[in-house]
Amino acid sequence: MRAEGLRVEDPLALSPDTVAEVTKKLADITDGQEKLRALRDFLYVKADRPFEYAPHVTLTAQAAYEQRRGDCMAFSMLYASLARALGL
């Protein structure tokens, strides 16, 4: 019988470096709605490597940020995690 459960990586976890990078990029925006739009634009358009949709590639938030690709689930986890980290 197993003494402890299966260890699973938190799919919403982001590294402190990722949070710091995005926070720095969006630091000048104070309005919450504007910051959400700016976050979307940063991920899709204004990043050095824009996020690319990749069907059936479900990644954690951190992996999606690092690889700049993933399916709708990966993007949703990434966007929600970053929004939370930004206090939104």
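Let's start at Asp-31, which caps the N-terminal end of helix H2, with a side-chain oxygen 3.2 Å from the backbone nitrogen of Gln-33. A polar contact here is a pair of N or O atoms within 3.5 Å; within protein, one must be able to donate a hydrogen and the other to accept it, and residues adjacent in sequence count only if both atoms are side-chain atoms. Helices (H or I, at least four residues) and strands (E, at least two) are DSSP runs, numbered from the N terminus.

A word on the model. It is predicted: local features need pLDDT of at least 70, side-chain atom pairs count only at pLDDT 80 or more, and totals for chains, interfaces and linings use all residues. Residues are numbered from 1 along each chain as its sequence is written, and side-chain values use heavy atoms, leaving out hydrogens and water.

Now H2 itself, residues 32–46. Lys-35, Ala-38, Leu-39, Phe-42 and Leu-43 are buried, meaning under 20% relative accessible area with a 1.4 Å probe, protein chains only. They pack against H1 (16–25), H3 (61–67) and H4 (72–85).

Next, Val-22. Beyond its neighbours within four places in sequence, Val-22 is in contact (heavy atoms within 4.5 Å) with Leu-39, Phe-42, Tyr-65, Leu-82 and Leu-86.

Last, Asp-71. This residue sits in the loop between strand E2 (69–70) and H4. Is Asp-71 buried or exposed? Buried, at 7% relative accessible area. Not counting residues up to four places away in sequence, Asp-71 touches Tyr-53, Ala-54, Pro-55, His-56, Val-57 and Thr-58. Its C-alpha is 5.1 Å from that of Ala-54, 17 residues apart along the chain. A polar side-chain atom of Asp-71 also lies 3.2 Å from the backbone nitrogen of Met-73.

Technical notes. Buried < 20%, exposed > 50% of the residue type's maximum accessible area, 1.4 Å probe, protein only.
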